[in-house]
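This briefing is meant for someone who is opening the structure for the first time. Please look over the sequence and the model below before reading on.

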Amino acid sequence: MEENAIRNKYQELGVEGFYTQYGADYSNPHEAQIRQLLLQNQDRIDYNKVLDFCCGSGEVSRTLIEAGYGHVFASDPFTYEAYQKNCGRECWQYTFEDVIRTPIPEQFSAVICSFAMHLCPDEQLFPLVYQLFQSTSQLVIITPHKRPELEQLEGVQLAFEDFCLTAKGKQVRLKAYTSTFTY
Ligand SMILES: C[S@@+](CC[C@H](N)C(=O)[O-])C[C@H]1O[C@@H](n2cnc3c(N)ncnc32)[C@H](O)[C@@H]1O
């Protein structure tokens, strides 16, 4: 489904309604850009034990697994069937709200959230990010939008960023964050 069509469907059904209805068939037309960004930052992101958070049908996981990184975990409350079918691996089903309530009881070298954190309502962004940093010291966002700007949140620092272009010349950004939170 094209980007504009997805945006219209978000408006019609809401984000949750859209993914409940279409999640099993989800795939990202910008997988090539996701792959490029992940691979060209291998020396700056620790891929030893990654959580692919809001994993869709496995766009991030596939790249990492194909590049030889075996310890890839994934979570998505709506597309887990598509993920299991495409990646042949288990998929947790944490929502943003679940993580805000209780941090994920596992440690990761990096948590990667691709094309998804802009869907988190503004008022939930800080508690979500705060909880995710309980499970990792490196939070990586891939986004085709300016949002989310996690560097605006108290205690969150932009460590580095990178971008690449789609065929239409649109920027896809990768932003890596650390935090000064003490728990
Ligand atoms: C645009 S897709 C991105 C999927 C994949 N990471 C990618 O790069 O293509 C957004 C993802 O966010 C997930 N999502 C939407 N609302 C969510 C919520 N409240 N909690 C957790 N995940 C959510 C959807 O199921 C969907 O897989």
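Which of the 21 residues around the ligand come nearest? In this predicted model, they are Tyr26, Asn28, Cys54, Asp76 and Ser114. The points below begin with the ligand and its surroundings, and then turn to a helix and to some loop residues.

**The ligand and its surroundings**

- The ligand sits in the largest pocket, and the elements that give two or more residues to the shell around the ligand are helix H1 (3-22) and helix H5 (96-101).
- An oxygen atom of the ligand is 2.6 Å from an N or O atom in the side chain of serine 114, a residue that is also listed among those that come nearest to the ligand.
- For glutamate 59, the distance between an N or O atom of the side chain and an oxygen atom of the ligand is 3.4 Å, whereas with phenylalanine 96 it is a polar backbone atom that lies 2.9 Å from a nitrogen atom of the ligand.
- Of the 590 Å² of accessible area that the ligand has on its own, the protein covers 95%.

**Helix H3**

- Helix H3, which spans residues 59-66, is mostly covered, with 6 of its 8 residues buried, and these buried residues are Glu59, Val60, Ser61, Arg62, Thr63 and Leu64.
- The partners against which the buried residues of H3 pack are helix H2 (31-39), strand S1 (50-53), strand S2 (72-75), helix H4 (80-87) and strand S3 (110-114).
- After H3 comes glycine 68, which has a positive phi near 100°.

**Loop residues with a positive phi**

- Cysteine 54, in the loop between S1 and H3, is a residue other than glycine, yet its phi is positive, near 65°.
- Cysteine 54 counts as buried because its relative accessible area is 13%, which is under the 20% limit.
- Phenylalanine 115, in the loop between S3 and helix H6 (122-132), is likewise not a glycine and has a positive phi of about 55°; its relative accessible area is 13%, so phenylalanine 115 is buried.

**Other loop features**

- Arginine 147 and proline 148 are joined by a cis peptide bond with an omega of about -5°, and proline 148 has its place in the loop between strand S4 (139-143) and S5.
- Threonine 166 lies in the loop between strand S5 (156-165) and strand S6 (171-179), and it counts as buried because its relative accessibility is 9%.
- Leaving aside residues up to four places away in sequence, threonine 166 touches His30, Gln33 and Val172.

Notes. Residues are numbered from 1 along each chain as its sequence is written. This is a predicted model: local features need pLDDT of at least 70, side-chain atom pairs count only at pLDDT 80 or more; totals for chains, interfaces and linings use all residues. Side-chain values use heavy atoms; hydrogens and water are left out. Buried means under 20% relative accessible area, exposed over 50%, partly exposed in between (1.4 Å probe, protein chains only). Helices (H or I, at least four residues) and strands (E, at least two) are DSSP runs, numbered from the N terminus. Contact means heavy atoms within 4.5 Å. A residue is near a molecule or strand if one of its heavy atoms lies within 4 Å of it. A polar contact is a pair of N or O atoms within 3.5 Å; within protein, one must be able to donate a hydrogen and the other to accept it, and residues adjacent in sequence count only if both atoms are side-chain atoms. Accessible areas come from the Shrake-Rupley method with a 1.4 Å probe; for residues, only the protein chains shown count as cover. On a 1 Å grid over the protein atoms alone, a cavity is a set of points where a 1.4 Å probe fits but cannot get out, and a pocket is an open set with protein on both sides within 12 Å along at least five of seven lines; lining residues have an atom within 4 Å of a point. A molecule sits in a cavity or pocket if more than half of its atoms lie within 2 Å of its grid points.
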